[in-house]
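Take your time, and look at the model as you go.

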Amino acid sequence: KRRRIVLKKIGILGGTFNPVHSMHIRMAEKSREIMKLDQVIFIPSANPPHKSGFEIESFLHRFNMVEIAIDGIEGFSVSNIENKINHRKSYTVDTLRALKLIYPDDRLYFIVGSDCVFQVESWNNPDDIFMLCELVVFERPDVSTHEELMEKIHYLEKKYSAKIHYLGPFTENVSSSDIRDRINEDDFKIKDLNDKIIKYIKENDLYKEQDGKL
């Protein structure tokens with residue numbers, strides 16, 4: 001008898017992770033639990049089109065910090081795939097296409113905050129994005145009303161035949177930029193950062209002020 005191929009459900013959590021923090025981890029854990037994902041892959045952006053260079057630490061440092069943050073969590077991994085794609089900017093659609101070559105028969109679930117729901121049509125090739133993956137959406141309190149978000153989700157589902165899974169609100173809103181602002185304080189202890197990441201930041205002298213900016 002021919003063996004039946006069991007499709008895997010793979011979560012994708014992309015971001016600058018500058019630095020990775022507790023909310024990223026909780027989003028991944030909640031997605032895995034509710035969507036019954038087999039694994040979650042964290043994908044640090046190599047050269048995100050919407051960020052200016054001075055704000056972002058090197059890919060290697062951001063990759064290393066994610067590796068530290070997910071160490072010991074079963075089913076979590078980090079990929080350097082965006083650093084391998086030779087484009088001047090890291091576009092979501094290119095990353096998804098590359099992942100689909102690695103996981104041709106599996107289902108990809110792209111984990112995002114609700115801000116991305118309102119931005120996705122401005123991204124490169126949104127039609128292809130919705131063909132390559134299903135969206136897993138967490139509602140952020142600072143983006144829109146719940147009604148506006150659900151209206152946008154229904155609109156995208158209808159226009160693109162998109163599959164979008166709404167997983168509810170995240171009442172807390174941890175911000176990497178707020179964390180970076182506090183790193184230069186004398187008493188540097190942040191509850192949303194893993195202690196090992198704090199140690200890594202200190203040892204590598206990351207996020208120091210440059211011309212009054214971070």
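Predicted model: local features only at pLDDT ≥ 70, side-chain atom pairs only at ≥ 80, totals over all residues.

Residues are numbered from 1 along each chain as its sequence is written, and side-chain values use heavy atoms, leaving out hydrogens and water.

**Exercise 1.** Find how many helices and strands the chain has.

*Solution.* Count the DSSP runs, numbered from the N terminus: helices are H or I with at least four residues, strands are E with at least two. The chain contains nine helices and six strands.

**Exercise 2.** Locate E134 and decide: is E134 buried or exposed?

*Solution.* Start with its place: E134 lies in strand β5, residues 134-139. Next, recall that buried means under 20% relative accessible area and exposed over 50%, with partly exposed in between (1.4 Å probe, protein chains only). At 7%, E134 is buried. Finally, look for contacts, meaning heavy atoms within 4.5 Å. Leaving aside residues up to four places away in sequence, E134 touches R107, L108, Y109, F110, K163 and H165.

**Exercise 3.** Work out which residues of helix α8 are buried and where they sit around the axis.

*Solution.* In α8 (residues 176-183), the buried residues are S176, I179, R180 and I183. They lie on the same side of α8 because they cover an arc of only 100° around the axis, taken from the directions from the helix axis to the C-beta atoms. Their cover includes α1 (22-35) and α9 (195-203).
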